[in-house]
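Subject: Handover of a structure

Dear colleague,

Please find below the structure that I am handing over to you. My notes on what was found in it come after the display.

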Amino acid sequence: MSDFETVAATEDQSARRGVSGEPGTPDRAGEPNRPRSLAGDAWRDLRRNPVFWLSLLLVVLVAAMAVAPGLFTANDPRDCVLSRQHAGPSGGAILGYDFQGCDTFARAVYGARASLLVGALSALITGVIALVVGMLAGYFGGWVDAVLSRVIDIVLGIPLLLAAIVLLKRVSTSGETVRLFAVILVLALLGWTTAARVVRSSVITAREQDYVAAARMLGAGNGRIMWRHILPNALAPAIVVLTIALGSFIAAEATLSFLGIGLKAPTISWGIDIDAGRVHMRESATPLIVPSTFLALTVLAFIMLGDAIRDAFDPKLR
Amino acid sequence: MLRFILRRLLQMVLAFFGTTLIVYALMFAGQGDPIQALAGERPVTAAQRAYLTEKYHLDATGVGGFFYRYLNYLGGLLRGDLGQSLTGRQIGDILAAAWPVTVKLAVIAMAVTILVGVTAGVIAGIRRAGVFDHATLVLTLLVLGIPTIVLAPLAQYFLGVRWPIFPPTAGAQPSLWALLLPGIVLGSLSLATALRLTRTSVSENLRADYVRTARSKGLVRRRIVGVHVLRNSLIPVVTFLGVELGNLMSGAIITEGVFNIPGVGFNLFRGIRTEDGPLVVGIVSVLVVVYLLSNLVVDVLYAVLDPRIRYE
């Protein structure tokens, strides 16, 4: 339960910072004839940030595992032989075998796919909902804003883990793919509110800018102003929130699978493996520690990446 | 003030009906055959089926039937009658036995949060950009980034099994000592957030005009920080702690499950594992009410604590 609260708390911070993260004018022009853009400025800062490179490296590594797990291990994670239960490292199994006699390392590598799939797709759906809702509420204001803000308040008031338990019980007997998409949908439906608030506040800031007034005077319609002028400015804070949310969605998926209501075998998930390793920790702790490390590093990588990008886009914080 | 509380109460009543309706609709409406779901894999005789249909008014169909059963469930919830779990125990009795343990655990977690989190936050806020500040920022990032399902089993393994400093699990009647490690694990998350909140709040207030005034009046630094800055800085922290206490009360599902603590979260954990539908719904319904109530208390507390906030 507390996992989600923390996630909410970290996102709250980003939401608060996101408000102030309005696109400022570049205060120090680099080359005299070519003023740097906000993105260019941010990139200059990011390039010199070791945390950014470290977290990016981790993210790329995990993404590679998800796409091509065969590159990292030659063993089949589902090839389990009980006779080598908790056996030490041998052959391709560099970290030994777990309680069921499966290759611990291979299972951790193959677990990246489900985690990243859930994280990325949930973040994508979250992003779409948040952009649409935030844009409508922020741009039109008035009763549209009032209604949408109340909806956000209500969804924000639902305790995430409890709601997920109730929702996912409905698919407890369904197949592998249905469960996967149920988890993605549930996380996205309960998790879009913070991002929507961030988008809304940055749209409200952008709406009052001179270039929007200029565009309107030139005869641009609402659709064009929203799409061409406001969206690019609302995107940066949204991407930051979504990067952090991606990490927390991965943590949430693992938590649900750990409880036994998220993904289930034969899907390979870090949450399931952590639960299995926990039960037999007295005999051998490696099957617990390996998936735990993979999960913690992945979640941390996304949170640090989001933090680094936010710091680069919001120099006022330093 | 009274008007604000009344309005807030009214909002809560609406939210209560809304959330219970959603919980109820999702759990029971539209599922294939509730009687078969209740019985699981076992066959149901015609007599049992007739008895259950009569008992739960399952013969009424359509919207009217659904609302009839919903109001039935709501009435039971309000009277404190949560029905029976699949194992035949009264859910109310299970919760009554579990609640004191959960409260004990929550109080330990809260104490850890306040003692360590707020103190360290104040120090980091005063010495901003110092070594201590940077160290706490990195540490809190780690704590915030590592999920409980990693933190709890690893703490149990390293501090309970590998180097047996703490008892690895709590028993049926857990002592305070056995609850200490789970309390620290549970509190570590709110600790990290409380620390960051205190730090930001203190360092912001240190730049305020009234601090400069106090300093130019010649007050010693200890008095400025201890009396003037702290009083203003702790308002958001107290609010946050209030919300957290509500969350902790609603049971730490993972922590209680891992450390075998027979609290509310543990019973929910077991209910999910054993597919005990009525137990899960009963506990979730009560937890939602606890959650709504704690939010209400915090909102009112906020208005009392900070007179600058007006709700009109």
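This is a predicted model: local features need pLDDT of at least 70, side-chain atom pairs count only at pLDDT 80 or more; totals for chains, interfaces and linings use all residues.

Residues are numbered from 1 along each chain as its sequence is written, and chains are lettered from A and ligands numbered from 1 in the order in which they are written.

The two chains

Chain A has 12 helices and zero strands, whereas chain B has 13 helices and zero strands. Helices (H or I, at least four residues) and strands (E, at least two) are DSSP runs, numbered from the N terminus. Of the 318 residues of chain A, 48% count as buried; for chain B, the figure is 37% of 312 residues. A residue is buried if 20 or more other C-beta atoms lie within 10 Å of its own, exposed if 12 or fewer, and partly exposed in between, with C-beta atoms placed from the backbone.

Among contacts in chain A between residues at least 6 apart in sequence, 71% join residues at least 24 apart. Two residues are in contact if their C-beta atoms, placed from the backbone, lie within 7 Å.

Where the chains meet

In the contact between the chains, 37 residues of chain A meet 35 residues of chain B. On the side of chain A that touches chain B, at least two residues each come from helices H1 (2–20), H6 (160–169), H10 (222–259), H11 (270–279) and H12 (286–313). The largest share, seven residues, is supplied by H12(A). By class, this side of chain A has 22 nonpolar, nine polar and six charged residues. Here Ala, Val, Leu, Ile, Met, Phe, Trp, Tyr, Cys and Pro count as nonpolar, Asp, Glu, Lys and Arg as charged, and the others, Gly among them, as polar.

Helix packing in chain A

Helix H3 (residues 50–67) and helix H4 (residues 104–140) of chain A have axes that come within 7 Å and cross at roughly 100 degrees. H3(A) is therefore roughly perpendicular to H4(A). Axes are lines fitted to C-alpha atoms, for helices over the stretch in contact, and angles run from 0 to 180 degrees between N-to-C directions. Angles under 35 degrees count as roughly parallel, over 145 as roughly antiparallel, 65 to 115 as roughly perpendicular and the rest as oblique. H3(A) contributes A:Val62, A:Ala63, A:Met65 and A:Ala66 to the contact, and H4(A) contributes A:Val109, A:Ala112, A:Arg113 and A:Leu116. Seven of these residues are nonpolar, none is polar and one is charged.

Helix H7 (residues 176–191) of chain A packs against H10(A) at an angle of about 130 degrees, with the axes 11 Å apart; the two helices are therefore oblique to each other. On the H7(A) side the contact involves A:Val183, A:Leu187 and A:Gly191, and on the H10(A) side A:Ala245, A:Phe249, A:Ala252, A:Glu253 and A:Leu256.

A loop residue

A:Ala265 sits in the loop between H10 and H11 of chain A. Because A:Ala265 has 12 C-beta neighbours inside 10 Å, this residue counts as exposed. Its C-alpha atom is separated by 8.2 Å from that of A:Glu176, 89 residues apart along the chain.

With kind regards
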